[in-house]
Amino acid sequence: MSTISDLPVELFSYIFGLLAPEDLKTVTLVSQKWKGMAYDPKFWTWAGVNIYCMNDLQKLEIPRLGQIEAIRLGPPQYCNWSKAELEHVLTTIATKVVPVKKLSVHVWRLTRLSPTLVASAASYVKELELHYLSEDQVKTLLREIVENEGPLIKLKMWFRSDGWGLFNIDPDLVSRAFNRLEEVELIGGRENILRGLRLGQVSAILKGVMEEGSKLKRLW
């Protein structure tokens, strides 16, 4: 007598692909055969990995997580990394065989890192979230966006409440970079300027939106 386990692998693959995350986890407990099929990385792209310490990098070596779309470093209260450790973490993520789509970096002292290393994230992710960058890091990041046609479409940056945000950065550079993206969100900055932008920068951005080729759909 045939049982459900006798179904073709292709049919199992189709069914597993329809399951919600919690149901997929349950399927892995049914049998070793089902577990082996359900552990195919294509079924786990929804999973996100939180990296709080160096040991957490081992999560990226788990076979079923080989195609995950999101990685988050932080939050900062759990991370007390040295400069060398942060560099190693970002380099490891950058060299994944299957690039992640979203990278969120919520750690203290990100300003210690090379502007080039921080900016390189724009070359391999679609969504990027960064906390408390230095002015040089922001400039390098914006130049990376302008000069290289990367996959980045969404940028979210936090600025200290007592900082200047993007205030001192050339309006043309800000406009050209932002108009290459679909969405930009700026959080924090000084209260007496619009999200860390000065009037000249806002004008340049709006002028760029009116030009052919702008991709910007949302700035907030």
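## A tour from the surface to the core

Start by selecting Lys25, which is partly exposed, with a relative accessible area of 35%. As you look around, keep in mind that this is a predicted model.

Glu22 counts as exposed, at 53% relative accessibility. Side chains of opposite charge can pair when their charged atoms come close.

Next, select Lys102 and Glu129. They form a salt bridge whose closest N and O atoms are 3.5 Å apart. This pair links distant parts of the chain: Lys102 sits in strand β3 and Glu129 in strand β4 (residues 127-131), 27 residues apart. Is Glu129 buried or exposed? Glu129 is buried, at 11% relative accessible area, while Lys102 counts as partly exposed at 28%.

The side chains of Ser104 and Glu129 make a polar contact of 3.1 Å. Ser104 is buried, with a relative accessible area of 5%. Setting aside residues up to four places away in sequence, Ser104 touches Ile71, Arg72 and Leu73 as well as Glu129.

For another charged pair, select Glu149 and Arg180, joined by a salt bridge with its closest N and O atoms 2.8 Å apart. Glu149 lies in the loop between α6 and β5, and Arg180 in the loop between α7 and β6, 31 residues apart.

Time to go inside. Which residues have the most contacts inside the largest nonpolar core? Select Leu73, Ile93, Leu103 and Leu141; this core has 52 residues. Helix α6 (residues 135-147) gives the most to it, with five residues. Apart from this core lies another, of nine residues, including Trp34 and Phe43.

Stay with helix α6 and pick out Val138. Val138 is buried, at a relative accessible area of 1%. Beyond its neighbours within four places in sequence, Val138 is in contact with Leu133, Phe159, Leu166 and Ile169.

Finish back on the outside. Select Leu11, Tyr14, Ile15 and Leu18, which make a nonpolar surface patch of about 400 Å². Tyr14 belongs to helix α1 (residues 9-16) and counts as exposed, at 55% relative accessibility.

Note on methods: Residues are numbered from 1 along each chain as its sequence is written. This is a predicted model: local features need pLDDT of at least 70, side-chain atom pairs count only at pLDDT 80 or more; totals for chains, interfaces and linings use all residues. Side-chain values use heavy atoms; hydrogens and water are left out. Patches are made of residues with over 30% relative accessible area and no salt bridge: like charges are joined within 9 Å, nonpolar side chains (Val, Leu, Ile, Met, Phe, Trp, Tyr) within 5 Å. Accessible areas come from the Shrake-Rupley method with a 1.4 Å probe; for residues, only the protein chains shown count as cover. A salt bridge is a side-chain nitrogen of Lys or Arg within 4 Å of a carboxyl oxygen of Asp or Glu. Helices (H or I, at least four residues) and strands (E, at least two) are DSSP runs, numbered from the N terminus. Buried means under 20% relative accessible area, exposed over 50%, partly exposed in between (1.4 Å probe, protein chains only). A polar contact is a pair of N or O atoms within 3.5 Å; within protein, one must be able to donate a hydrogen and the other to accept it, and residues adjacent in sequence count only if both atoms are side-chain atoms. Contact means heavy atoms within 4.5 Å. A nonpolar core is a set of buried Ala, Val, Leu, Ile, Met, Phe, Trp, Tyr and Cys residues joined through side-chain atoms within 4.5 Å.
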